[in-house]
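This report looks at a helix contact, the nonpolar cores and the aromatic pairs of one protein model. Please keep the sequence and the structure in view while reading.

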Amino acid sequence: MLGTRNPQGSLFHLPFWAEGLVDPDTFYARMGAFWSRVSRDEDLASMYHPEPGKPSVPPSLLCGVLILQYFDDVSDREAADRVRFDLRWKLALGLPLDDRGFHYSTLSRFRSRLAAHGQERYAFDALLRLALQAGLLSRDAAQVIDSTPIHGAAALEDTYTLLRHGLRKLLRAMGESDPERQRLAKRLKLSRYLTKRKPELDWADPAARRAHLQELVADAQRLLAEARGAALPEESEAHGALALLEQLLAQDVIQDDDGQHVLRQGVAKDRVISTVDPEMRHGRKSASTRFDGYKGHVAVEPESQLITEVTVTPGNTYDGEAVETLIADQAQHHALQPRAVVGDQAVIDGARRQALRERGIEALGKVPEPAAGGYHPKSAFTIDPEQGTVRCPAGHLTATYQERTDGRGQMVRVFCFDRDTCGHCPQRAACTQAKRTGRTIRVGPYEHLLQEAREQQKAGEFWERYHRARSTVERVIAHLARHGFRQGRYVGRAKTLFQALWSAAAVNLQRLMALLSGQEAAHRAAEAA
């Protein structure tokens, strides 16, 4: 049943004992005076059985503990210890000095309960509602969007380990009990995969590695054939394990001309990198910076510096793909419809400009000049998307193009000038060195929007708005990073999103307390005047 806080005071009421020991301006002291405005036990009553029984730990208390846990970036065990021994945490949670706390496993069970009842966003949404009620956030305020890596909690696995663990995962999922798994493994001669013991192999010997790969692939194919022919229960783990093993084989192994299985060169698209967390992916924030895990995407209102939405995607997701999710989620949960969205070139690309325009939202992002290698840049050419023509700086016109698909699956037109025309052009040395063709210009499906943006960014007002908003979101992300946002605690995208939402809630709480304190001080000053 629902446990609630005891309103009765105590000899060990903490504000009296903490006076002079905890600075009243710290996050912990402010939270102690503020948290009851955010979270009440009754808000989460639907998560508990209404019949009388053993009372739970009050959910408002556990929500406060989660906020502090993510704010201080500590483990469940450390969080439970701080509830019991740390004067600052007791003050923040409104606990008396003699409160004995609870077992650390309570936090894991509470997170599972929140997820099971669709309350993962509870604290994040409660704080945003409070900000809206206080007039600190307007529903149509401009927002800035950016992303940052979240390093996965699971270990990165090589191909041999992926296949071995994939085999064990499917083998275990196909049997409902240990004896049944043992019989199946023995019949298929796969008993060694039921243990976590690594094979005894000279990994420095290429021939030994090659022979081991043949064995792994043969074993995987034998188990897959058995699984495909079996009547697997609907919605069982076996279906997911079957699909995972099939993907592992397809992404990493090919046959050479001799019919031998060899490792695929390069990285397959959407490659699984861990069987412990199959949703993790290789990701990049730049050409030189690679990470393994997820991307955390945040939307921030620049004036209040409050985070208005958070989402998490696999690490290989293009930044711009999260924009529409961020906009749609905050519209659904808080009826927020920003009048403008600011982002860098990875966030605000042509496709996002089109999507935002359809929603009536201004897209504000710089459009870089494509690299031209010292030759005439693309901006020196007059492109008419409607007429389907391109005019070069020397005045030559072409309507000849070929359609191709770019790396994101978009159809682009590659316009090509005649080789003879370029060959006799006096500006050839400044335009191209191509010998078989003339100069080519790539025109995407959103070229007209990019042209508008290039004109827009010539104004000084654009850069003032852009840099002010960008500096705000970078500061907020740095604040999130200080509280452990960039290191995943849990396995799976859903649990990583839970962490991101509560980390963002902790950062929003700190900011909201400062904003409300300033607002209340201004009101008192106005009344005194």
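Gly350, Arg353, Gln354 and Arg357 in helix H13 meet His448, Leu449, Leu450, Glu452 and Ala453 in helix H15, where contact means heavy atoms within 4.5 Å. The residues of this contact between H13 and H15 divide into three nonpolar, three polar and three charged. Here Ala, Val, Leu, Ile, Met, Phe, Trp, Tyr, Cys and Pro count as nonpolar, Asp, Glu, Lys and Arg as charged, and the others, Gly among them, as polar.

The model is predicted: local features need pLDDT of at least 70 and side-chain atom pairs count only at pLDDT 80 or more, while totals for chains, interfaces and linings use all residues. Residues are numbered from 1 along each chain as its sequence is written, and side-chain values use heavy atoms, with hydrogens and water left out.

How do the two helices cross? The axes of H13 (residues 350–358) and H15 (residues 447–456) come within 9 Å and cross at roughly 90 degrees. H13 and H15 are therefore roughly perpendicular to each other, a label for angles of 65 to 115 degrees. Axes are lines fitted to C-alpha atoms, for helices over the stretch in contact, and angles run from 0 to 180 degrees between N-to-C directions. Helices are DSSP runs (H or I, at least four residues), numbered from the N terminus.

The largest nonpolar core has 78 residues, of which Met31, Ile67, Ile307 and Trp502 touch the most other members. Helix H17 (residues 493–528) gives the largest share of this core, 14 residues. Apart from this core lies another, of 30 residues, among them Leu167, Val217, Leu242 and Leu244. A nonpolar core is a set of buried Ala, Val, Leu, Ile, Met, Phe, Trp, Tyr and Cys residues joined through side-chain atoms within 4.5 Å. Buried means under 20% relative accessible area, exposed over 50%, and partly exposed in between (1.4 Å probe, protein chains only).

Rings of Phe, Tyr and Trp (its six-membered ring) pair if their centres lie within 6.5 Å; planes under 30 degrees apart count as stacked, over 60 as edge-to-face and the rest as tilted. By this rule the count comes to ten aromatic pairs. Two of the pairs are listed below.

| Pair | Centres | Planes | Type |
|---|---|---|---|
| Phe27 and Tyr28 | 5.8 Å | 80 degrees | edge-to-face |
| Phe462 and Trp463 | 4.8 Å | 85 degrees | edge-to-face |

Phe27 is buried at 7% relative accessible area, and Tyr28 is buried at 10%. Phe462 is buried at 4%, whereas Trp463 is partly exposed at 30%. Phe27, Tyr28 and Phe71 form one aromatic cluster.

Methods: Angles under 35 degrees count as roughly parallel, over 145 as roughly antiparallel, 65 to 115 as roughly perpendicular and the rest as oblique.
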